[in-house]
Amino acid sequence: MGGFFSKPEVKPPSPPLLDKEWRTVPWNAKGEYLQSVRCFEPFQPHNDERNEDQHIRILLHGPAGHGKSTFINSVDTIVRGRMAGRALADAIGGKTFTKKYTTYKIKKGGRGTFYPFVFNDIMGLEKDEGVCEEDIKLAMMGHVKEGYRFNPCSKLSTDDPNHNTNPSLSDKVHVLVCVISANALWSKEVPMDMNKVKEEASSASKVHSLEDIMKKMRNVRLEASDMGIPQMAILTNIDKACPEVDADLRNVYKSKYVKEKMELLSESLGIPLNCIFPVKNYHSEIAPNDDLEMLILMALKQMLNYGEDFVNDCKCT
């Protein structure tokens, strides 16, 4: 019954994991997915058409220190079967480490041969510094040459020698991928409370306003939509954000916390949930991890499918 001085009933906390995965992962199919990527040949020769220079160009963008370069290294590691670190990343974070527009090809077998997809790393977005929105747009259109050093204060001008006046289809971006840390997204209950953001954000996000950066990312996404470029998002640091995922990566699609972060990212940028992939990059590991690689391969396969469709559509117009 309870009297005036009785203690209020306290409900037990909700379990952090769902009863089953809300997205199915073929955990034991890593070999099949890896073989699919290694055998990926999107552009079959037609008559006298030459395809040597054609590839799927994937542009990664997002806040500084959220794992763009580390994701490239992780893909390189998985596809080549050995640890890679060509895309230099800063373990401390906070400020963007990438200064130049760089294309990363992944070696395939014999000398001088590469897989038919490339990644472009770009300077990170920051509140008052970092890459200009206009430079990201120019990169998507293929106007930025390899090695261009980004200037946070001004965009690439048309008279700059690093400006590509007549970009080919290969120069253009075929898939735009937003990379953001799960630690940096605020809670649904207090979506615009920046104090809450600072509590939940990683050290890489504390030095700038995530709200302003998300607006920039939204603008870039809208520009990509106008160009017809398909878009995806990679949610990094899921192991650091959720203890259950840290204990077992196979809990990723059972974790209520990770699902909430994916939904928040979808609401913030307008990217459909089925185009958002939570991953754990290679960071402290020095030996292969099948579950880690499976999550990245699922994301990579989607990127290649989207890129192939986009290039083929462009060739038909």
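**View 1. Arg57 and the residues around it.** Leaving aside residues up to four places away in sequence, Arg57 touches Tyr101, Thr103, Val118, Asn120, Ser170, Asp171, Lys172, Val173, His174 and Val175. Contact here means heavy atoms within 4.5 Å. This is a predicted model, in which local features need pLDDT of at least 70, side-chain atom pairs count only at pLDDT 80 or more, and totals for chains, interfaces and linings use all residues. Residues are numbered from 1 along each chain as its sequence is written, and side-chain values use heavy atoms, with hydrogens and water left out. Arg57 sits in strand β1, residues 56-61. Strands (E, at least two residues) and helices (H or I, at least four) are DSSP runs, numbered from the N terminus.

**View 2. Arg57 without a salt bridge.** Arg57 is buried but has no salt bridge. Buried means under 20% relative accessible area, exposed over 50%, and partly exposed in between (1.4 Å probe, protein chains only). A salt bridge needs a side-chain nitrogen of Lys or Arg within 4 Å of a carboxyl oxygen of Asp or Glu. For Arg57, the nearest side chain of opposite charge is Asp171, 4.5 Å away. Lys and Arg count as positive, Asp and Glu as negative; His and the chain ends are not counted.

**View 3. Lys108 with Glu41.** The whole structure holds 10 salt bridges. In one of them, the closest N and O atoms of Lys108 and Glu41 are 3.0 Å apart. This pair links distant parts of the chain, 67 residues apart. Lys108 is in the loop between β2 (102-107) and β3 (114-121), and Glu41 is in the loop between α1 (30-38) and β1. Lys108 is partly exposed at 22%, and Glu41 is partly exposed at 43%.

**View 4. Lys137 with Glu223.** These side chains meet in a salt bridge, 4.0 Å from N to O. Lys137 lies in helix α3 (residues 133-140) and Glu223 in helix α6 (residues 210-227), so the pair ties together parts 86 residues apart in sequence. Lys137 is buried at 13% relative accessibility, whereas Glu223 is partly exposed at 26%.
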